[in-house]
Amino acid sequence: MDELLAVFVQESREQLQALEAGLIALDRGEHDPDTLNGVFRAAHTIKGGAGVVECDFIVEFTHVVENTLDALRNGSRELSPPLIAALLQCSDHLSDLLDLLEQSATPDAECLARGQQRLANLGNPTTPTPTPTAAATPPVAANSDRHWHISVRFGLDTLRHGMDPVSFLHYLEEMGEIVGLATIYDQLPALAEYDPEGCYLGFEIDYASTADKASIERVFDFVRDDCLLHIIPPDSKVDDFIHLIEQLPETPPRIGEILVQVGALTEKELQQALHTQSQLPHDDDHPAPKVGEILVEHHHVPPQLVEAAAGKQGKLQAGQNHTLRIQADKLDKLIDLVGELVIAGASARLLAREIGQTRLSRVTQIMSRLVEEIRDSALELRMVQIGETFNRFHRVVRDLSHELNKEVELNISGAETELDKSVVEKISDPLMHLVRNAIDHGIESPEQRLAAGKPARGKIGFNAYHDSGSIVIEVRDDGAGVNRQKVLKRAIERGLVSANQSLSDTEILNLLLEPGFSTADKVSNVSGRGVGMDVVKRNIQSLRGRIDMESVEGQGSRFMIRLPLTLAIIDGFHVAIAASTYILPLDSVVRCLEFKDAASDRDYLDFGGEALPFVRLRDLFRIDAPMPPRQNVIVVQYAGQKAGLVVDQLLGESQTVIKPLSSMFQHMRGIGGATILGSGEVALILDVQALVQLAATRETDSLSVQREPAVNQPA
Amino acid sequence: MAKTASSSTPAASSASSQYLLFLLGGEPFGIDIAHVKEIIEYGQLTEIPMTPDFIRGVINLRGSVVPVIDLAARFGRPPAKIVRHTCIVIVEVSHGEGERQDIGVVVDSVSEVREITTDDIESAPTFGTRIRTDFIAGMARISQRFVILLNADRVLSTDEIAELAALSVKDEAN
């Protein structure tokens with residue numbers, strides 16, 4: 001797929017999202033003209049772009065949708081829920097069409113029929129629906145005598161912006177017939193000054209079409225900002241052409257010649273025009289009077305004027321110019337390189353320390369500080385707000401609640417919270433499962449809710465915030481909550497736990513996340529096939545995250561997903577046990593203490609009056625090397641809880657590039673990843689939370705084994 | 001049509017592949033050279049706690065972290081002893097939907113690369129090799145001796161290893 005097409009597909013997907021978001025907002029009763037305009041603009045942009053990339057099937061389809069939206073906009077049609085539903089379906093269809101385009105395919109008969117059906121659902125009675133053939137053929141003879149004159153000079157950067165001047169001609173051909181055309185290349189400079197990437201072209205076009213001026217102007221939407229465009233309506237007076245001649249950069253006789261050549265003017269008219277023009281007073285203070293005041297042409301106004309006149313909108317556009325679209329893989333490459341740079345920097349520092357040269361050490365220190373800044377800036381480039389992901393769920397909630405005859409609203413907070421793009425991409429599926437589950441199993445029917453003394457309309461809430469180096473995403477509902485007895489009964493039936501096992505509340509809730517578990521009484525096609533929640537858990541774990549659940553029966557449930565901010569580079573705290581180096585995420589470290597009573601068999605210590613449990617990593621990892629004279633405890637914190645980790649040596653902090661571990665370690669808990677040290681050795685990154693939990697489970701298990709020997713609790 | 005014809009005639013005598021032969025606990029084994037990416041010296045291995053014995057650890061292979069498997073332990077034999085010629089064969093296995101992954105394999109020594117025709121390869125006996133039959137792609141007769149040709153994708157199946165690793169974590173818990 002060529003680059004222009006790729007850009008079109010991606011931009012259209014974004015427009016489609018905007019379109020859908022607008023429709024959903026309208027559906028919620030936000031009848032704001034801006035929203036409707038936004039929806040229209042989105043459809044229009046897609047159509048325009050499709051014209052540029054010459055994708056007829058999208059142009060044709062979007063054209064009808066656009067007509068409907070236009071009718072809504074000018075008030076000739078009323079918005080209604082069925083119409084919104086039909087428009088949403090059209091938006092789905094467009095998404096399918098974009099998929100096809102991406103695969104360089106064309107819609108098959110079935111897809112076309114589906115499209116036609118969806119368009120028919122829009123019920124455009126008055127608008128003449130252009131069928132594929134109608135759009136492609138020139139207008140009938142009766143109209144073809146309406147000759148427009150289009151004069152266009154493309155901006156120097158047109159080609160650089162990925163536009164092909166010829167594609168505009170193709171697009172014009174779809175709405176009418178190009179009767180005459182002259183290519184203007186007078187701007188072409190001498191070879192020495194010629195910029196091979198510049199565009200020096202212009203066209204004078206005699207155009208027969210029934211389209212209105214706005215539609216013709218729209219053809220040039222993509223280059224409008226930097227091209228000189230004049231459109232003279234049919235049956236205009238000669239004066240208009242005089243005005244045009246004045247506006248164009250070429251000399252009047254030359255342009256007059258062209259106009260005659262194209263067929264816009266006759267020889268006689270030209271003579272008359274040139275004569276009139278020469279009689280007009282010309283001086284710097286009083287330029288030629290605006291002969292064609294009646295002209296509805298598009299002036300090319302200097303940018304500063306646009307900004308002044310359009311005020312806010314001008315600023316908005318200026319802001320847009322400051323953003324740059326970059327291919328994700330280029331960014332990934334940069335992050336990879338920065339990662340390598342961090343590692344190389346670490347080995348340089350190590351070497352400098354070994355050599356003991358102060359000046360060299362100083363230089364490497366400055367370098368590592370710079371590398372750190374580069375790392376932070378590079379990672380920031382990949383940060384995106386989670387709001388966009390959240391907003392997509394308005395549609396899901398709307399469709400599902402309709403399907404299940406429930407009333408549900410979606411509340412979003414923390415939409416501006418940023419996280420790594422690679423995480424955002426992978427979080428969508430788990431969120432989808434959670435939302436489907438919440439609507440299907442959580443939220444009750446309006447009748448049940450009223451009977452329980454709750455408002456008929458259920459609520460699902462998304463929230464996101466940062467918490468000590470992680471991002472927390474919450475999905476909560478005010479539905480029925482979890483019935484512990486039912487969960488336990490089902491778990492026993494499925495053999496997940498034994499009947500005589502006593503489980504804590506959290507353990508019971510965690511059963512919901514086990515494979516093959518479903519509490520819904522009946523299997524619906526929304527959720528409840530018993531796959532889903534365990535997939536959610538697995539997906540989140542593969543992102544080095546975790547999911548927790550809280551639920552109050554009768555009041556609702558809350559899922560908390562905790563994810564690392566980035567998957568690439570962290571600040572690490574290096575520690576050693578015997579000869580091995582391990583790394584803890586620095587933001588989980590609270591304090592370091594000397595481990596005093598190593599001989600004690602208790603696994604807690606007095607931490608400022610708090611009984612702090614600790615894990616002896618040497619034992620957990622089964623390292624049988626001789627104990628060093630001094631051991632250290634690192635106090636770590638996660639999700640508000642504290643624990644200690646006992647290690648031999650503290651090596652200090654350093655940047656850590658996370659290297660993924662093979663998928664063969666996917667079920668492993670306690671190890672979050674690996675990194676490569678300055679010495680070239682691989683060191684493991686510890687997952688603090690999982691480690692402490694692992695130690696806790698082991699202790700609980702060994703105690704419960706003493707109590708009931710038959711326990712085999714899934715880890 | 002052509003595909004069925006060629007695959008249904010095992011006696012297509014021209015078919016042959018190259019195999020890397022190596023020794024493991026004194027016994028010769030072979031692996032299709034198409035899977036082998038490189039052979040490196042044994043060294044600088046980082047052990048991973050709480051994993052089964054046959055996972056030796058991970059190494060830094062030019063910036064990537066690559067797991068290293070002890071084949072002997074994987075076959076249920078005692079772990080390989082590190083000797084003078086011990087090396088790590090980097091093998092590429094397919095994993096899931098078209099994904100490929102590098103895995104290091106500890107061997108006592110590599111012997112040679114040899115062309116073996118399909119005629120010289122027999123199927124494995126149902127038992128007697130003391131190695132799971134699905135690990136064996138075939139038995140080649142080379143100079144009066146049988147060489148077990150390994151099925152790399154099965155022996156080094158990351159999914160299976162991951163499950164075993166998960167089990168070992170649980171076992172340690174009890």
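**View 1. Chain A as a whole.** Of the 715 residues in chain A, 46% are buried (under 20% relative accessible area with a 1.4 Å probe, protein chains only). This is a predicted model, where local features need pLDDT of at least 70 and side-chain atom pairs count only at pLDDT 80 or more, while totals for chains, interfaces and linings use all residues. Residues are numbered from 1 along each chain as its sequence is written, chains are lettered from A in the order in which they are written, and side-chain values use heavy atoms, with hydrogens and water left out. Chain A has 25 helices and 21 strands (DSSP runs: H or I, at least four residues, for helices; E, at least two, for strands; numbered from the N terminus).

**View 2. The largest nonpolar core.** There are 74 residues here, and those touching the most other members include A:Leu584, A:Phe621, B:Leu71 and B:Phe75. Such a core is a set of buried Ala, Val, Leu, Ile, Met, Phe, Trp, Tyr and Cys residues joined through side-chain atoms within 4.5 Å.

**View 3. Around B:Leu71.** Leaving aside neighbours within four places in sequence, B:Leu71 is in contact with B:Phe22, B:Leu24, B:Val105, B:Val106, B:Leu150, B:Val155 and B:Leu156 (contact: heavy atoms within 4.5 Å).

**View 4. Helix α23 of chain A.** Look for A:Met533, A:Asp534, A:Val536 and A:Ile540, the buried residues of this helix (residues 533-542). Seen down the axis, they fall within an arc of 155 degrees, so they line one face of α23(A); the arc is that of the directions from the helix axis to the C-beta atoms. Their cover includes α19 (421-442), β10 (546-552) and β11 (556-564) of chain A. Just after α23(A), A:Arg544 has a positive phi of about 60 degrees.

Key
Buried means under 20% relative accessible area, exposed over 50%, partly exposed in between (1.4 Å probe, protein chains only).
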